[in-house]
Amino acid sequence: MASKLLRALIMGAPGSGKGTIAKRIVTDFDMKFISSGDILRSQVAQGTAIGKECEKYIKKGALVPDAIMEEMIIKEMKKMNKDCWLLDGFPRNVAQAEALHHPDTMPEIVLDLQVPFEVIIDRISKRWIHEPSGRVYNLDFNKPKVPGKDDITGETLTQRIDDQPQTVLDRLKAYEAQTRPVSDFYKKKGILQEFHGRESNVIWPHVRKFLVTLRKPVKAVEYK
């Protein structure tokens, strides 16, 4: 069994369970988790020069330009050149993937989680919230005691626009259009591994079995 520095990128549509799988990888294989969103928020909070530049775009509701994102993410990643890491949220397009493809920062393997869109839409569309408190319910595994009502206050539950089926579908289509070229980029490099399934507990054993061939795990947690 190999035990070496492992640098991986994880990809997956919103609602695919990517966050769950990522946490398990980081826990079992003792890897640092690199989130582009976390880095962005940290730079803004610290008031760094690049953080201030990003904040200008965020306040206008605009996307931070590729060049700025690349500089920020790659600078942070170079600090981890002696660490095992799992990257999430970057790259989002081929230009960013090419910028990342450098000996100090390129992933050795790309894990692409493939969950059917209809499964994701069904899962997310069953999420309802009590806005004043932030309590979240799910019609499959965390139902309110009284349909449509908050357990504590009895007030009416609502569904966020982002959780409505058509909105979820539109978001998934946008994700696919944006990331498909990135997947193809890594497929051509010969480092893309796809994992198919309908839920995290089905996908995870296959992801773990694959990663064990690359790095010795430090834990064997039984996830439920």
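This is a predicted model: local features need pLDDT of at least 70, side-chain atom pairs count only at pLDDT 80 or more; totals for chains, interfaces and linings use all residues.
Biologist: What is the radius of gyration of the protein chain?

Modeller: The radius is taken over C-alpha atoms, and the globule rule is 2.2 Å times the number of residues to the power 0.38. For 224 residues, a compact globule would have a value near 17 Å. The C-alpha atoms fill a box of roughly 55 × 45 × 30 Å along the principal axes. The value for the chain agrees with that of the globule, and it is 19 Å.

Biologist: How many helices and strands are there in the protein chain?

Modeller: Both are DSSP runs numbered from the N terminus: helices are H or I, at least four residues, and strands are E, at least two. On that basis, the chain has 8 helices and 7 strands.

Biologist: Which residues have the most contacts inside the largest nonpolar core?

Modeller: A nonpolar core is a set of buried Ala, Val, Leu, Ile, Met, Phe, Trp, Tyr and Cys residues joined through side-chain atoms within 4.5 Å. Buried means under 20% relative accessible area, exposed over 50%, and partly exposed in between (1.4 Å probe, protein chains only). The largest such core has 55 residues. Those with the most contacts inside it are Ile-25, Leu-111, Tyr-186 and Val-207.

Biologist: Is Met-31 buried or exposed?

Modeller: Met-31 lies in the loop between α1 and β2. Contact means heavy atoms within 4.5 Å; leaving out residues up to four places away in sequence, Met-31 touches Leu-6, Ala-8, Ile-25, Val-26, Cys-84, Trp-85 and Leu-86. Because its relative accessibility is 5%, Met-31 counts as buried.

Biologist: What is the phi of Asp-30?

Modeller: Asp-30 lies in the loop between α1 (18–29) and β2 (32–35). Asp-30 is partly exposed, at 49% relative accessible area. Most residues other than glycine have a negative phi. Asp-30 has a positive value, near 50°.

Biologist: What is the omega of the peptide bond from Phe-90 to Pro-91?

Modeller: Pro-91 lies in the loop between β3 (85–88) and α5 (94–100). Most peptide bonds are trans. The bond from Phe-90 to Pro-91 is cis, with omega near 5°.

Biologist: Which residues are in contact with Phe-185, leaving aside its neighbours within four places in sequence?

Modeller: Phe-185 lies in helix α7. With 12% relative accessibility, Phe-185 counts as buried. Leaving aside those neighbours, the residues in contact with Phe-185 are Val-94, Ala-97, Glu-98 and His-101.

Biologist: What distance separates the C-alpha atoms of Asp-151 and Tyr-175?

Modeller: Asp-151 lies in the loop between β6 (135–138) and α7 (165–189), and is partly exposed, with a relative accessible area of 31%. Beyond its neighbours within four places in sequence, Asp-151 is in contact with Tyr-137, Pro-144, Lys-145 and Val-146. Asp-151 and Tyr-175 are 24 residues apart along the chain, and their C-alpha atoms are separated by 35 Å.

Definitions and conventions. Residues are numbered from 1 along each chain as its sequence is written. Side-chain values use heavy atoms; hydrogens and water are left out.
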